[in-house]
Amino acid sequence: MNHESAAVPAVKHSARLLSLSALLMAVNISLASFGIPIPGGQLYLCDISIVAASLLLDPPYAFLVGGVGAFLGDLFFYPASMFVSLFVHGLQAVIISCFAHSFMPSRPKLSAAIGIFLGAVIMVAGYTWGCAWIYGTPELAWLGLPYEILQALAGAFIGPFLVWKWKLNEAAHRLISR
């Protein structure tokens, strides 16, 4: 099995797979719960866990980590945007996971990169639209755009680094296949 591209082995609903998903969801909730102060706003790092989980897990589990994890993080700390987070981060995670595991099996990293790019576009556009809808003003949504782009870039670069360079994919594979 090629550890660079593959999702965690296709063991349907094993306790270890569910536990790994729950752990990654907890990381997502934690990273969505606080922002790093930067000039003019906050930087949230939850996209790192969403991208990493999407590269590791099949789409339904990626949705749980990305969508449900972001929903729960917002439910606890920022309830106004919880449904936007469920939809946007859930769709982001599913798209990344689908591309990373199914799109071009012979070119897994290119396929994953395309998925990550599309996921970043979905996140930035989705949150811009979502903020305009929640707060009732597109102008306010535009103010958050640079922070959303920075959040997406952090996830796009750090998530794959953790999975492939720090070998999180191999550790996950060993955990699940035992």
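The expected span of a helix is 1.5 Å times one less than its number of residues. Helix H5, residues 108–135, has 28 residues and reaches 39 Å from its first C-alpha to its last, close to the 40 Å expected at 1.5 Å a residue. Helices here are DSSP runs of H or I with at least four residues, numbered from the N terminus. The structure is a predicted model, in which local features need pLDDT of at least 70 and side-chain atom pairs count only at pLDDT 80 or more, while totals for chains, interfaces and linings use all residues. Residues are numbered from 1 along each chain as its sequence is written, and side-chain values use heavy atoms, with hydrogens and water left out.

After H5 comes glycine 136, with a positive phi near 75 degrees. Within H5 lies serine 111. Serine 111 is buried, at a relative accessible area of 1%; buried means under 20%, exposed over 50% and partly exposed in between, with a 1.4 Å probe and protein chains only. The side chain of serine 111 reaches the backbone nitrogen of methionine 104 at 3.4 Å. This is a polar contact, a pair of N or O atoms within 3.5 Å; within protein, one must be able to donate a hydrogen and the other to accept it, and residues adjacent in sequence count only if both atoms are side-chain atoms. Setting aside residues up to four places away in sequence, serine 111 touches Phe99, Ala100, Phe103 and Met104, where contact means heavy atoms within 4.5 Å.

Aromatic pairs come next. Rings of Phe, Tyr and Trp (its six-membered ring) pair if their centres lie within 6.5 Å; planes under 30 degrees apart count as stacked, over 60 as edge-to-face and the rest as tilted. By this rule there are 6 aromatic pairs. One of them is edge-to-face: phenylalanine 76 and phenylalanine 77, at 6.4 Å centre to centre with 90 degrees between the planes. Phenylalanine 76 is exposed at 52% relative accessibility, and phenylalanine 77 is partly exposed at 47%. Phenylalanine 99 and phenylalanine 103 have ring centres 4.6 Å apart and planes at 45 degrees, so this pair is tilted. These two residues are separated by about one helical turn because they stand 4 residues apart in helix H4, residues 82–103. Phenylalanine 99 is buried at 16%, whereas phenylalanine 103 is partly exposed at 45%.

Aspartate 74 is found in helix H3, residues 59–77, and is buried at 7% relative accessibility. A polar contact of 3.1 Å joins its side chain to that of serine 81. Apart from neighbours within four places in sequence, aspartate 74 is in contact with Pro79, Ser81, Met82, Ser85 and Tyr127.

The structure holds 0 disulfides, a disulfide being a pair of cysteine sulfur atoms within 2.5 Å. The sulfur of cysteine 46 is too far for a bond because the closest cysteine sulfur, in cysteine 131, is 12 Å away. Cysteine 46 is buried, with a relative accessible area of 5%. For cysteine 98, also in no disulfide, the nearest cysteine sulfur is that of cysteine 46, 20 Å away. Cysteine 98 is partly exposed at 32%.

Lysine 167 lies in the loop between helix H6 (138–165) and helix H7 (168–177). Most residues other than glycine have a negative phi. The phi of lysine 167 is positive, near 60 degrees, and this residue is partly exposed at 41%.
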